[in-house]
Amino acid sequence: MADLSVVVDGLKMPNPFVIGSGPPGTNANVIGKAFDENWGAVICKTVSLDASKVVNVAPRYARMRATGTKEVIGWQNIELISDRDFSVWEDEFKKIKDKYPDRVLIASVMEECNKDAWVELVQRCQACGVDAFELNFSCPHGMPERKMGAAMGQDPELLEEVCSWVKGATPLPVWAKMTPNITHIVDPARAALKGGATGIAAINTILSVMGVNLDSLRPEPTVEGYSVPGGYSCKAVRPIALRMVMELATMMYGDGTTDGEYKDRSLSAIGGVESGEDAAQFILLGASTVQVCTGVMIHGYKLAGRMCDELNAFMDKHGFANIEDFRGHSLQYFTSHADLVRRQIEAKAAKKAEKAGMVTKDTAWEGDKFVEQSNKLVSNDDD
Ligand SMILES: Cc1cc2nc3c(=O)[nH]c(=O)nc-3n(C[C@H](O)[C@H](O)[C@H](O)COP(=O)(O)O)c2cc1C
């Protein structure tokens, strides 16, 4: 049985599975359920100082199913951050930490571009006993209209500044959650790390239009006949999340040929995880923890137990004793397209020579065929 426990930025977790910010961490009741089902850590739904500005609509989700099946492969939401009073959250953070003192509770926070607001928010959460912070620089809908969320995450200079405000206000670990709605995710991540972020979390949802109803001709989800682009998540986004995590890890840790720029910082992967095998792939690309949001909405909190079993089976199969044994292992196998072409030409030439019985490596020389092998390597013999 492999050891699934991880210590990330000093936070001790029984396994790398973390509840990602969203409905599965939206109040003390469901956060308690997550700890009871042995999730490694919980990140609460994003909180802000003034919840009265947060007004949600219904319906606010839309689902994409695989053709001809009930399987959900894509999920869109136009949900905002938490609409619950911050004073209620303060109370609940304290209650959760009283009941689960040894478990890791991470406060997801978001504010407008105002240093005093960020400092107040972080320090009030800290006073309630939370263990770390995730800064939501990535909500793609609703909040950018107030220059929050993805609007901040798309501006590296601002990101660096906000991270430095927060790091100046707390000694606790601070993860910056990145938006995928940008051409080069490495640029804002580098700025967040420069500003002092302890780690990077990626990705948040991908800006999307889920579909148009062919009877009503209205886009979905439809609210009073109208809609707005929302955030796409679930299985369908996993390949994009894997690519972005790979790019971030390569910048932070290097890939064997390049040196990493931030080897001492952590990386938390998010996007379409529903199994231990999904998680293993993100860890192979450099993540220390793996967050799950939509997967919990589809499968429930018991998903953690199944994912631990699956991750364990993968690790046993390869003889990995712990997460660090294989974290980042697969980064070395990415290269440039030109290098793929070169490798393929070389491999083909070697195969052709081998087929013709030519010795291509010194280890291939054989005593019984020595003369025959020598002859095959001669180019100007018309015998
Ligand atoms: C309904 C819903 C609400 C979400 N709310 C938040 C939020 O409040 N803060 C945040 O940082 N991310 C939020 N997210 C984004 C998730 O944390 C996660 O980054 C994204 O959904 C991709 O992961 P997944 O495929 O496991 O859901 C939300 C996602 C969903 C589906």
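Q: How many helices and strands are there in the protein chain?
A: Helices (H or I, at least four residues) and strands (E, at least two) are DSSP runs, numbered from the N terminus. The protein chain has 12 helices and 16 strands. This is a predicted model, in which local features need pLDDT of at least 70 and side-chain atom pairs count only at pLDDT 80 or more, while totals for chains, interfaces and linings use all residues. Residues are numbered from 1 along each chain as its sequence is written.

Q: What share of the residues in the protein chain is buried?
A: A residue is buried if 20 or more other C-beta atoms lie within 10 Å of its own, exposed if 12 or fewer, and partly exposed in between, with C-beta atoms placed from the backbone. Of the 383 residues in the protein chain, 45% are buried. The C-alpha trace spans about 95 × 55 × 40 Å along its principal axes.

Q: Which domains does the assignment give, and where are their bounds?
A: Domain bounds come from an automatic or database domain assignment. Here domain 1 covers 6-333 and domain 2 covers 337-376. Their C-alpha centres are 50 Å apart.

Q: Which strands form the closed barrel?
A: Two strands pair if DSSP finds at least two bridges between them. The closed barrel has 8 strands, in the order β3-β4-β7-β8-β9-β10-β15-β16, and the pairing is parallel. From one strand to the next, the twist averages 25°; axes are lines fitted to C-alpha atoms, for helices over the stretch in contact, and angles run from 0 to 180 degrees between N-to-C directions. A107 stands opposite F133 in β8.

Q: What is the strand order in the open sheet?
A: The 4 strands of the open sheet follow the order β5-β6-β14-β11, with antiparallel pairing. At the edges are β5 (61-65) and β11 (206-208), each pairing on one side only. Strands β5 and β6 run antiparallel and are joined by 5 bridges. R63 has W75 in β6 as its bridge partner.

Q: How many residues surround the ligand, and which are the closest?
A: A residue is near a molecule or strand if its C-beta atom, placed from the backbone, lies within 6 Å of it. The ligand is surrounded by 27 residues, the closest being S21, G22, S233, C293 and T294. Strand β6 (72-77) and helix α9 (294-299) are the elements that give two or more residues to this shell.

Q: How does the shell around the ligand divide into nonpolar, polar and charged residues?
A: Ala, Val, Leu, Ile, Met, Phe, Trp, Tyr, Cys and Pro count as nonpolar, Asp, Glu, Lys and Arg as charged, and the others, Gly among them, as polar. The shell holds 10 nonpolar, 14 polar and 3 charged residues.
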